Amino acid sequence: MKLTTLPEWTALLDHYDTHKHLHLRDLFAGDPERAKSLSLQAGDIFADYSKNRLTTDTLELLFDLARATGVEKLRDEMFAGAHINTTEDRAVLHTALRRQSADPLLVDGVDVAADVRGVLEQMGGFATAVRSGSWTGHTGKRIKTVINLGIGGSDLGPVMAVNALRYYSQRDITLKFVSNIDSTHLVEATRDLDPAETLFIIASKTFTTDETMTNARSARDWLVAGLGDETAVAKHFVALSTNATEVKKFGIDPANMFGFWDWVGGRYSLTSAIGLSLMISIGPDHFRELLAGFDVMDEHFRTAPLEQNLPVILGLIGIWYTNFFGSETEAILPYDQYLDRFAAYLQQANMESNGKSITKSGQSVDYATAPVVWGEPGTNGQHAFYQLIHQGTHLIPADFIGFMKPLNPLGEHHPKLIANLFAQTEALAFGKTAAEVQSEGVAAELVAHKTFAGNHPTNTILMPSLTPHTLGQLIALYEHKIFVQGAVWQINSFDQWGVELGKKLATTIYGEFKSDDHKTGHDSSTQQLIDRFLDQR
């Protein structure tokens, strides 16, 4: 049945009509225990979702919708290895990468758990060799800089996690990341480096990704020019790929190729071989702690009833705002500088997963799907875009993320940071009335300008401290939240056909750049731009 014709959807529409004008001031005033009843602990994560424009009745109706749309069934199928990626006929089993159980996990007759353990051991051996200095470059020098060459999920996950866990990194090894095909990215990354002390990781499953392989070939040229020997490539390049033929042709020893599987989507691949750069940075032991953290949240999501399931609750709250309040965006606001790339990582996780307008059955949707995701660390954002959240015309649900203990205690920095986090959620929820402004003696003509409507929804997510274990839980929380929303919307969260069209057209236009005939039926705008580029290059 079509989503918008389900009785559970209709019930939510009716509920919205009678509840849409409720203010958080009144909701809290009417229920002294509201914060306690609308909070949940899952693993190391404490989530307070009481500052949302909903009641327990709202949540019950949302749980009904989740059941009606088969969230539980699809969840169970995912963990069992069923081919829930229907358009590509693949399993979706990134959870197997961090599964702590020693039991076999059969997918299409293959024990993928054994395969995962094998690659993890291979990664651990290599990472240890680089970190200890026993892996040396072509001239015998120790590796001091590791550059990951990848794009999309082969870049966003590793760069986010390396930044997030920098506190735990080995500081005599520098990690860099090159993703953009813009030559500036590679040139600046390699500027002033010694090729003899540089290791490149090429992250491309097929070893054909245009941006990555263009950067890889240029990096290879840079290295060979610096060391004067083609055979040096074998000691300065490794591959995260499944294409042994092309890897060997590039000059990489296939023994230094780390594989993964088609049931691992790019944006879910951090805990696969794609995380090799992270493992080199923080070491195999910390990497395994990260995996164990993922598994904590995986098990919570897999086993907890909907009413006590944190990814389900957060996912359904997002549905409430996206589909009933008409909110088109949500902000991710971590109050920790180490998470400066977390919002960018979730942009891909959310918008590439659920940025769809076709259901799994091939029908056009008549409801909103993925919100636009964005954000910056606090307190920087407070001096940039919070003005719009507080007094603008958009409804922007926001997640505030904080840690109770700092990794770098210094004076009163951390108490002030957390005070700002708590203050912002309070200010957004309750605002400031005109009467309160007037009582402060503000001039009459300024009262309206200094009045805050409040009623802006937030979730507050708190953890003891930022560790590999808690980071794993946090990432998995959002992965499963996205899964829940995709299931409700009846879309395939695990393909990304929208990425393909622009790439194919780019290949065509690039070919025309090298041809005498570059007038091949483009629209007048595109043709004008091509002509202008060729005339002025």
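These notebook entries record what I looked up in a predicted model of a protein chain.

**Entry 1: the whole chain**

I began with the secondary structure and found 21 helices and 13 strands in the protein chain. I then looked up the radius of gyration, which is 25 Å. The globule rule gives 24 Å for 537 residues, so I noted the chain as being as compact as a globular protein of that length. Along the principal axes, the C-alpha atoms fill a box of roughly 75 × 60 × 55 Å.

**Entry 2: burial, contacts and surface**

I next asked what share of the 537 residues counts as buried. The value is 53%. For contacts, I considered those between residues at least 6 apart in sequence; 74% of these join residues at least 24 apart. The chain exposes about 23,200 Å², and I noted that carbon and sulfur atoms supply 52% of that area.

**Entry 3: charges**

I looked up the charged side chains and recorded 45 positive and 64 negative ones. The centres of the two sets lie 4 Å apart.

**Entry 4: a parallel sheet**

I turned to a sheet of five strands and wrote down its order, β6-β5-β7-β8-β9. The sheet is open, and its pairing is parallel. Which strands form its edges? They are β6, residues 174-178, and β9, residues 257-258, each of which pairs on one side only.

**Entry 5: the neighbours of β7**

I followed the pairing of β7 to each side. Strand β5, residues 145-149, is joined to β7 by five bridges, and the two run parallel. Strand β8, residues 237-240, pairs with β7 over four bridges, also in the parallel sense.

I then traced single residues across these strands. Phe200 of β7 is the bridge partner of Ile147. Towards β8, the bridge partner of Phe200 is Phe237. I also noted that Ala203 stands opposite Leu240 in β8.

**Entry 6: the burial of β7**

I asked how many residues of β7, residues 198-203, are buried. Six of the six are, so I recorded the strand as largely enclosed by the rest of the structure.

To sort these residues by side, I kept one general point in mind: in a regular strand, side chains alternate between the two faces of the sheet. On one side of β7 I listed Thr198, Phe200 and Ile202, and on the other Leu199, Ile201 and Ala203.

Notes: Residues are numbered from 1 along each chain as its sequence is written. This is a predicted model: local features need pLDDT of at least 70, side-chain atom pairs count only at pLDDT 80 or more; totals for chains, interfaces and linings use all residues. Side-chain values use heavy atoms; hydrogens and water are left out. The radius of gyration is taken over C-alpha atoms; the globule rule is 2.2 Å times the number of residues to the power 0.38. Buried means under 20% relative accessible area, exposed over 50%, partly exposed in between (1.4 Å probe, protein chains only). Contact means heavy atoms within 4.5 Å. Accessible areas come from the Shrake-Rupley method with a 1.4 Å probe; for residues, only the protein chains shown count as cover. Lys and Arg count as positive and Asp and Glu as negative; His and the chain ends are not counted. The place of a charge is taken as NZ of Lys, CZ of Arg, CG of Asp or CD of Glu. Two strands pair if DSSP finds at least two bridges between them.
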